[in-house]
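Please read the following briefing alongside the sequence and the coordinates. It moves from helix packing to charged pairs and then to backbone geometry.

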Amino acid sequence: MAVPVGALLNAEYPASELVELGLLCESLGYDQLWYTDIRLFRECYVALGALAARTERIRLGPGVTDPYSRHPAMTAATIATLDELSGRRALLGLGVGGTGFRELGLATPLPVAALREAVAMIRRLLRGEEVTFQGKVLSLAQGRLQFTPVRHDIPIYFATHGTQIARLAGEVADGVMIANAVVPSAVAHYLGQVREGASKAGRRLGDLDVALRFEVCLDDDEEAAFAVMRRRVAQRLMAGYPKVEFLERVEVSLSAAFRELAAGKDSRQLDRLAGLLPREAVERTVLAGRPDSVAKQVAAALTPEISRVTIRPHAVSGRSVGAVLQSFVRDVMPRVPAVSASSP
């Protein structure tokens, strides 16, 4: 394959099915498996523990945990426990989160500061330090892990489609997953932000593991695949509304009718909302269609600075996500030309 491939699975599968998907990913050569941490969905770390017990090589992590619904000190303890259970295979994905905060009555202030403070706190705790900290968002009083982590340097990744978080990733993270960017101009923008942050910290872009994270539906029926992803993009935009600035990077505008309906956040209106979504919003943010056409999109988006691809699979009715995971590594990536090593 042109670059290593990881998978992101949503917290929607029963435990037995999730484990089978994890084993499938490992057998297919996926080297990372991320599992969504979404409030009020299936519990992320319980599922990751089940995956750790059944898999042997694939690296595992939450995709992603936020600094609001889980205190970073608890995240440090949890990820260190997963690392111990998995035999040093844990990865920590951090982001600002999406849904569920409103239902829990949680505010999400100053996301850049919150992530910066979370990384600093987690790393100090993993090193065994006693931490007293009062930041703009987070605080901890004489906190110390009551066990010794098997690793003090568990890799920390950010997942984002935001400019400021991409820049912060370059400054403080070990890796970054750039989401919802299929067109080369958007990829170039985010890489520029990561590079700027890395330079600020005296690092190079090549010091980070930089992934493009795609949501993918593969099927020979291209219109059926497109319909699945059109509904998915509409769902994501409704959940995140009004925070849809990332669409500017792919030169997509939303109609007043779409914005009004999305603002209502009524899931019963999702099909209607999808019908109002411009086609280019799908074509420029996700992958849908036959393996050969998807391979061309992946190849166009890849640059020498990209060190991996991560996919979240979706399936048309009657087909499994397992089949999509299999098709991506067997039918898509072999068609993608290899790229040269990362540049500074």
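Contact here means heavy atoms within 4.5 Å, and helices (H or I, at least four residues) and strands (E, at least two) are DSSP runs, numbered from the N terminus. This is a predicted model, in which local features need pLDDT of at least 70 and side-chain atom pairs count only at pLDDT 80 or more, while totals for chains, interfaces and linings use all residues. Residues are numbered from 1 along each chain as its sequence is written, and side-chain values use heavy atoms, with hydrogens and water left out.

**Helix α2 and its surroundings**

- Helix α2 covers residues 44-54, and within it Cys44, Tyr45, Ala47, Leu48, Gly49, Leu51 and Ala52 are buried, where buried means under 20% relative accessible area, exposed means over 50%, and partly exposed lies in between (1.4 Å probe, protein chains only).
- These buried residues of α2 pack against α1, against the strands β2 (32-35), β3 (59-62) and β4 (92-94), and against helix α3 (72-86).
- The N-terminal end of α2 is capped by Glu43, which places a side-chain oxygen 2.9 Å from the backbone nitrogen of Tyr45.

**Packing of α1 on α14**

- Helix α1 (residues 15-28) packs with helix α14 (residues 321-332) at an angle of about 10°, and their axes are 10 Å apart; axes are lines fitted to C-alpha atoms, for helices over the stretch in contact, and angles run from 0 to 180 degrees between N-to-C directions.
- That angle makes α1 roughly parallel to α14, since angles under 35 degrees count as roughly parallel, over 145 as roughly antiparallel, 65 to 115 as roughly perpendicular and the rest as oblique.
- On the α1 side the contact involves Leu21, Leu24, Cys25 and Leu28, which meet Val321, Gly322, Leu325, Gln326, Val329 and Arg330 of α14.
- The residues of this contact of α1 with α14 divide into seven nonpolar, two polar and one charged, with Ala, Val, Leu, Ile, Met, Phe, Trp, Tyr, Cys and Pro counted as nonpolar, Asp, Glu, Lys and Arg as charged, and the others, Gly among them, as polar.

- Ile122 is found in helix α5 and, at 0% relative accessibility, counts as buried.
- Leaving aside neighbours within four places in sequence, Ile122 is in contact with Pro72, Thr75, Ala76, Leu92, Leu94 and Ile156.
- Ile122 and Met74 are 48 residues apart in sequence, and their C-alpha atoms are 8.9 Å apart in space.

**Salt bridges**

- The structure holds 27 salt bridges, each defined as a side-chain nitrogen of Lys or Arg within 4 Å of a carboxyl oxygen of Asp or Glu.
- Glu171 meets Arg116 in a salt bridge with an N to O distance of 2.9 Å, and because Glu171 lies in helix α6 (residues 163-172) and Arg116 in helix α5 (residues 111-126), the pair ties together parts that are 55 residues apart in sequence.
- Glu171 also forms a salt bridge with Lys200, with the closest N and O atoms 3.9 Å apart; as Lys200 lies in helix α7 (residues 184-200), this pair ties together parts that are 29 residues apart in sequence.
- Glu171 counts as buried at 17% relative accessibility, whereas Arg116 is partly exposed at 34% and Lys200 is exposed at 63%.
- The side chains of Glu103 and Arg102 meet in a salt bridge at 3.5 Å, N to O; Glu103 is partly exposed at 47% relative accessibility, and Arg102 is exposed, with a relative accessible area of 64%.
- Asp31, Arg59, Asp209 and Arg308 are linked in a network of salt bridges.

**Backbone geometry in loops**

- The peptide bond from Gly63 to Val64 is cis, with omega near 10°, and Val64 is found in the loop between β3 and α3.
- A cis peptide bond also joins Tyr241 and Pro242, with omega about 10°, and Pro242 lies in the loop between α8 (222-240) and α9 (246-249).
- Leu110 has a positive phi of about 45° although it is not a glycine; Leu110 lies in the loop between α4 (101-104) and α5 and is partly exposed at 47% relative accessibility.
- Lys265, likewise not a glycine, has a positive phi of about 50°; Lys265 lies in the loop between α10 (256-263) and α11 (270-276) and is partly exposed, with a relative accessible area of 35%.

Key:
Polar contact = N/O pair within 3.5 Å; in protein donor to acceptor, adjacent residues only side chain to side chain.
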